[in-house]
Amino acid sequence: MHLHKFPNADALSNAAAAWITDYIVDTLKKQDRFTIALSGGSTPYKLHTILAASPYKEKIDWSKLHIFWGDERAVPFEDSRNNAKMAYDTLLDHVSVPVDQIHVMRTDISPEESAAEYETILHRYFDKTATSFDLVLLGMGDDGHTLSLFPGTPVVHEIEKWCVAFFLKAQDMFRITITKSITNKAAKIAFLTTGANKANALKQVLEGAYNPDMYPSQEIKPVNGELHWFVDEAAAVQL
């Protein structure tokens, strides 16, 4: 595990943008596509706006990126809570990724149908590859969740399916999420974690006893890939 500490969220976002760009450029020297799973939340919002501007916008060959999401709330695309909408507003509307290479978790069909459709797409991409995504970007909630793997939910332990939908009673909504199985096959995984409200969960996830039912982020353990944590000083204060 690689831990990268920064004084604040802005410094973290700028450093993550540089790191991601370098990784994309290096990877595309060896292969003709780069697959990335995006996340929602405030930290990716800042990251997206940096990537969509100079100098990173010009450095990345966006035509070779294939865009996925780690999870989605089952709300209409127009809803401000929709992760795909946030990504379009902050990044995808400003760069030239081919439409057929952007794979949104659909919310215009039932959550179960959406998850099944997404699983089919993932198998089409990754059934014959040594790793899954080239990069998975993740956030962590102050309760230790990541993706839509929430404390005490059965999906934390899902090992057969790569994408599932379930009703989250605490939020009174359906969630669609990729699982640890496909996530842990990624070449690189990067958590972006900022703020004092994440400090206790970060301490427990990185240094506490193994208890994924309490802290699901502990289940993110790449099989043959790299795990990176980008954290600011406020989040890392207990480490």
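Trainee: By class, how many nonpolar, polar and charged residues are in the lining of the largest cavity?
Mentor: There are 12 nonpolar, 1 polar and no charged. (Ala, Val, Leu, Ile, Met, Phe, Trp, Tyr, Cys and Pro count as nonpolar; Asp, Glu, Lys and Arg as charged; the others, Gly among them, as polar.) Mind that this is a predicted model: local features need pLDDT of at least 70 and side-chain atom pairs 80 or more, while totals for chains, interfaces and linings use all residues. Numbering starts from 1 along each chain as its sequence is written, and side-chain values use heavy atoms, without hydrogens or water.

Trainee: How many cavities of 30 Å³ or more are there?
Mentor: The search finds 1. (On a 1 Å grid over the protein atoms alone, a 1.4 Å probe fits there but cannot get out; lining residues have an atom within 4 Å of a point.) Its volume, the space filled by probe spheres set on the points, is about 60 Å³.

Trainee: Which lining residues are closest to its centre?
Mentor: Ile36, Leu38, Leu51, Trp62 and Leu91, out of 13. Helix 2 gives the largest share, 3 residues. (Helices, H or I, at least four residues, and strands, E, at least two, are DSSP runs numbered from the N terminus.)

Trainee: New topic. Is strand 2 buried or exposed?
Mentor: Buried, in 5 of its 5 residues. (That means under 20% relative accessible area with a 1.4 Å probe, protein chains only; exposed is over 50%, partly exposed in between.) Phe34, Ile36 and Leu38 point one way, and Thr35 and Ala37 the other.

Trainee: Why do they alternate?
Mentor: Because side chains in a regular strand alternate between the two faces of the sheet.

Trainee: What does strand 2 pair with?
Mentor: Strand 3, in the parallel sense, over 5 bridges. (Pairing takes at least two DSSP bridges.) Thr35 has His66 as its bridge partner there.

Definitions and conventions: On a 1 Å grid over the protein atoms alone, a cavity is a set of points where a 1.4 Å probe fits but cannot get out, and a pocket is an open set with protein on both sides within 12 Å along at least five of seven lines; lining residues have an atom within 4 Å of a point.
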